[in-house]
Amino acid sequence: MSSEEEILKRFAAIEQAREFYIIGKKVSRVDALDAVLGRPMYTGDLVTGDFLFVKAVRSPYAHALIKGIDISRALKQRGIEAVITHRDIPGENDAGSLIPDRPLLAVDKVRHYGEAVALVVGSGIETVEEAIRLVDVEYEPLPVVKDPFEAMKPDAPRIQNRDNIVTHFKIRKGNIEEGFSKADIIVENTYKTQFMDGLPLETEVAYAFPEKDGRITCISSMQNPFDVYNKVVKILGVGPEDVRVIQAATGGGFGPKSDETPIDIAAYACLAVKKTGKPAFAVFTREEATTVQSKRHAFTIRHKTGATRDGKLVAWKSELVADTGAYISKGHLVIARATFHCTGPYEVPHVWADGYCVLTNNTIAGSTRGFGAPQAHFAAELQMDALAKKLGIDPVEIRARNILRPGSLTATSQRIDDAGLEICFGKVVETARWHQKRREYEELNRTSSRIKKGIGIALLYHGNTLGPEGEDFATVHVRIEEDGSVVVQTGLTEYGTGALTSLVIIVAEILGIPASWVRMERPDTSAVTSSGPTVASRTTVIGGRAAADAATQLRGRLAEVAAGLLGCSPDELVFKDGVVSVGGDRRRGIGFRELVSEASRRGVELRVRGYYIAPPTRWDPETGQGAPYNQYTFGALVSEVEVDTETGLVVVKRMTAAYDAGRVINPLGLLAVIEGGSIQGLGHALTEEIIHENGVVVNPSLHGYIIPTASEAPEWIEPIAVESPGRIGAFGAKAMGEIPVVLPMASIANAVAHAIGVFIRETPLKPERVLKAIREAERKER
Amino acid sequence: MRRGSAVVKRFSFVLNGKPVEVEVPPAYTLLETLRNVLHLTGTKDGCGDGDCGACTVLLDGRAVHSCLTLMAQVEGRSVTTVEGLLRDSSPDEVQSAYAESGAVQCGYCTPGLIMATKALLMSNPNPSVEEVKEALRGNLCRCTGYAKILEAVLRVRR
Ligand code: FES
Ligand code: FES
């Protein structure tokens with residue numbers, strides 16, 4: 001057997017194995033120790049020596065013409081080295097992360113509050129802040145388009161030189177009229193979700209400096225170094241070799257750090273270096289970050305759903321409107337994902353959906369963990385509970401009659417081929433003791449007048465990785481050093497979830513060595529090739545395949561040498577515990593390290609580039625029908641709440657969460673994203689809300705925008721991992737990074753409805769809103 | 001970051017057990033002094049506004065937000081930062097507990113949380129879960145969901 005066949009055979013064997021060497025075992029994060037010791041890791045910690053400070057002059061208007069910019073007073077200030085406007089940009093004035101609709105610095109118009117108009121460069125933050133006040137921008141305010149329904153009117157002012165409706169995304173399955181004619185009951189509701197901020201704790205930050213050879217190096221905090229790099233090269237108007245972007249440790253991602261603002265901050269610092277020849281540092285204040293960071297889209301969703309008397313869904317009609325703010329960012333893709341998932345994980349024979357992504361003069365909405373799925377599931381899952389209520393059946397019952405099972409067709413008529421959802425659903429119902437708790441709480445609520453208890457459920461499916469959202473590929477470089485240590489480097493990034501630890505685990509598994517022999521190197525655009533964006537929970541699924549490809553190539557090269565040394569054929573070799581042996585017999589084996597030095601001595605190249613690209617997905621843009629994603633993650637969440645009917649305060653006591661991770665490669669990482677995502681989702685459900693008043697963000701701070709503290713965390717989150725292997729992911733892995741943030745809004749809202757007896761169809765469920773709902777329900781009862 | 005102001009004032013205090021003197025503008029906060037003058041970057045800036053706790057240090061053994069603490073308040077007193085917890089270059093038990101419990105994701109909140117935990121355990125070596133939650137209310141973490149953080153703190157209580 002040739003070594004290539006050996007590799008393929010072994011790879012298939014490993015993929016099917018239930019017993020792994022390292023996969024699924026607890027491997028701790030390698031960098032945790034640096035963090036607890038407070039070692040310098042983040043961009044702001046790495047700044048040394050003399051440097052200039054650069055900061056943007058931002059628009060106080062949400063919509064205005066720029067009649068003139070006078071920088072002369074600012075330039076005269078002591079300590080000010082440059083003031084940069086759109087005229088001074090050497091290359092292209094475009095910072096749009098995907099669509100070139102957004103200037104780095106405004107030209108003749110500002111379209112949202114806080115849009116950057118100029119950059120001030122000087123020594124010392126106070127000097128720069130003073131000079132910012134001296135940049136005279138003459139604005140002529142324009143009418144502000146505050147909400148998407150206003151923007152969709154034919155006579156609405158145009159935000160950009162294009163229609164305000166960016167995308168009209170359609171799903172047409174079956175025959176909707178026919179569907180409704182079969183319905184015994186119909187439920188119609190409107191749901192509204194708010195603008196939210198992913199809010200990584202570290203704000204946008206970049207430090208750039210000139211190298212001796214004239215190249216500019218930029219260290220920054222981001223998810224996608226290559227997006228930033230490509231844009232900065234264009235903005236500076238220089239050659240690809242003139243810029244180098246390095247990702248420092250990144251204090252949280254959650255989407256915003258993959259979107260527009262990391263490009264801005266890096267461009268600010270690099271432009272300042274280009275202009276002055278000196279090192280420059282740029283950092284957003286919390287206020288700036290909360291104002292201009294890409295938000296989670298505010299959605300309005302109208303659903304009309306028909307079911308038969310025995311609870312079978314027959315028809316579902318939806319209209320989804322997403323407010324993407326003044327520039328598109330990823331809005332056209334977010335609306336696609338939301339629309340694809342608009343019926344929730346249920347089989348409906350007739351579906352008609354229209355999704356609109358609309359421009360307004362609000363601040364930009366773009367990538368945020370979950371990418372349209374939390375909003376879609378919130379509306380779909382409340383709709384399911386409304387149907388159950390109308391039919392007088394249990395929420396679990398209506399779901400059991402309609403969930404996607406093997407062989408079911410989704411809203412896009414894609415056939416589901418695994419039972420992940422059924423398993424997750426069954427597990428949460430059982431583990432949470434759903435039926436018993438439901439009864440208990442109802443009894444209790446009859447006697448308790450102030451505190452009411454509720455239990456709610458929500459289910460999800462989540463089309464994996466990019467699908468329609470872009471080229472789904474990854475490259476991972478792996479090399480084995482002469483001492484036998486293994487180095488993995490990729491353009492995919494770590495920002496807290498431990499996703500890259502999965503790559504380490506996969507490489508260690510295939511080479512049969514302890515994970516501690518493998519280390520990751522920081523992403524550096526001059527050292528690795530692009531690996532596509534670190535978004536859409538891609539790292540383990542797609543990056544894992546590329547890492548497996550690289551490790552498998554290396555294994556093949558080593559196997560050839562070992563087979564010669566041990567006098568066997570390569571397919572008899574077992575790689576385990578740092579020993580390569582014939583059939584696992586350690587007496588007929590060679591140490592991994594010894595083998596590596598032998599291979600290097602023979603001149604075997606132990607440096608490879610692994611690559612994987614997911615099969616392209618196809619669907620019809622006119623009907624949305626087809627297979628937009630290669631595989632689906634499934635999940636189920638039960639939340640238990642207490643509602644204080646005098647204050648309207650909702651407390652989440654317990655969450656039981658089951659997710660189908662396909663294959664658990666990194667259990668600690670999985671737990672980390674489940675716990676973290678659940679609480680982030682809890683914040684979305686109860687308190688978080690970016691408030692625009694006439695386009696102006698009125699609460700850009702951490703006391704105005706309230707995220708959960710340790711006190712709001714539920715007493716218990718019960719995480720359940722389900723493994724129903726996916727078609728494409730490494731070892732069957734499915735996307736997990738974003739998933740746990742999707743369901744809390746829906747599940748908590750259903751639990752609150754159970755507690756107080758009325759549905760609240762607008763988030764967040766803040767005390768005033770809950771109280772109002774309770775009072776209205778009481779009035780109706782009387 | 002560094003302020004351009006020309007007027008500076010001298011402040012002396014004890015930092016991680018050693019006396020130090022700095023000359024900084026009087027409007028400087030302890031956070032600015034630590035990070036930008038003394039280059040002790042373990043203490044983080046998450047808001048500069050007293051809302052997130054990333055900048056938490058000990059002032060005479062009590063947890064304070066260093067972004068809201070002016071240098072005049074520090075004069076003559078004793079400051080401990082995350083760097084000062086190392087004993088003979090081995091991590092403090094609170095630091096180890098955080099690393100071992102998986103209480104660290106992006107790590108940006110971690111030094112502040114460790115200092116808040118330290119302050120709690122110094123005044124109350126055996127806190128209840130409720131007391132831990134209350135003591136950590138001023139420290140935001142966006143990544144972990146706090147479960148592992150509580151686990152870490154409970155691991156080191158007496
Ligand atoms: S930086 Fe001090 S509380 Fe946030
Ligand atoms: S670990 Fe990222 S904010 Fe706490």
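How many residues of chain A are in contact with chain B, and how many residues of chain B do they touch?

Reply: The model is predicted, so local features need pLDDT of at least 70 and side-chain atom pairs count only at pLDDT 80 or more, whereas totals for chains, interfaces and linings use all residues. Residues are numbered from 1 along each chain as its sequence is written, and chains are lettered from A, with ligands numbered from 1, in the order in which they are written.

Between the two chains, 48 residues of chain A are in contact with 45 residues of chain B (contact means that C-beta atoms, placed from the backbone, lie within 7 Å). On the chain A side, α2 (32–37), α4 (125–134) and α18 (667–686) each supply at least two residues; helices here are DSSP runs of H or I with at least four residues, strands are runs of E with at least two, and both are numbered from the N terminus. The largest share, seven residues, comes from α18(A). By class, this side of chain A holds 23 nonpolar, 19 polar and six charged residues (Ala, Val, Leu, Ile, Met, Phe, Trp, Tyr, Cys and Pro count as nonpolar, Asp, Glu, Lys and Arg as charged, and the others, Gly among them, as polar).

Chain B itself is divided into domain 1 (9–82) and domain 2 (93–156), with bounds from an automatic or database domain assignment. The C-alpha centres of these two domains of chain B lie 21 Å apart. Their contact takes 15 residues from domain 1 and 13 residues from domain 2. On the domain 1 side, β3 (56–59) and β4 (62–65) of chain B each supply at least two residues, and β3(B) gives the most, with three residues.

Within chain A, Leu119(A) is found in strand β5 (residues 116–122). Leu119(A) counts as buried because 29 C-beta neighbours lie inside 10 Å (buried requires 20 or more other C-beta atoms within 10 Å, exposed 12 or fewer, partly exposed in between). Not counting residues up to four places away in sequence, Leu119(A) touches Val54(A), Ala56(A), Ile84(A), Tyr268(A), Leu271(A) and Ala272(A).

The largest nonpolar core has 304 residues, of which Val232(A), Ala269(A), Cys270(A), Val507(A) and Val752(A) touch the most other members (a core joins buried Ala, Val, Leu, Ile, Met, Phe, Trp, Tyr and Cys residues through C-beta atoms within 7 Å). Helix α16 (residues 539–566) of chain A gives the most to this core, with 13 residues.
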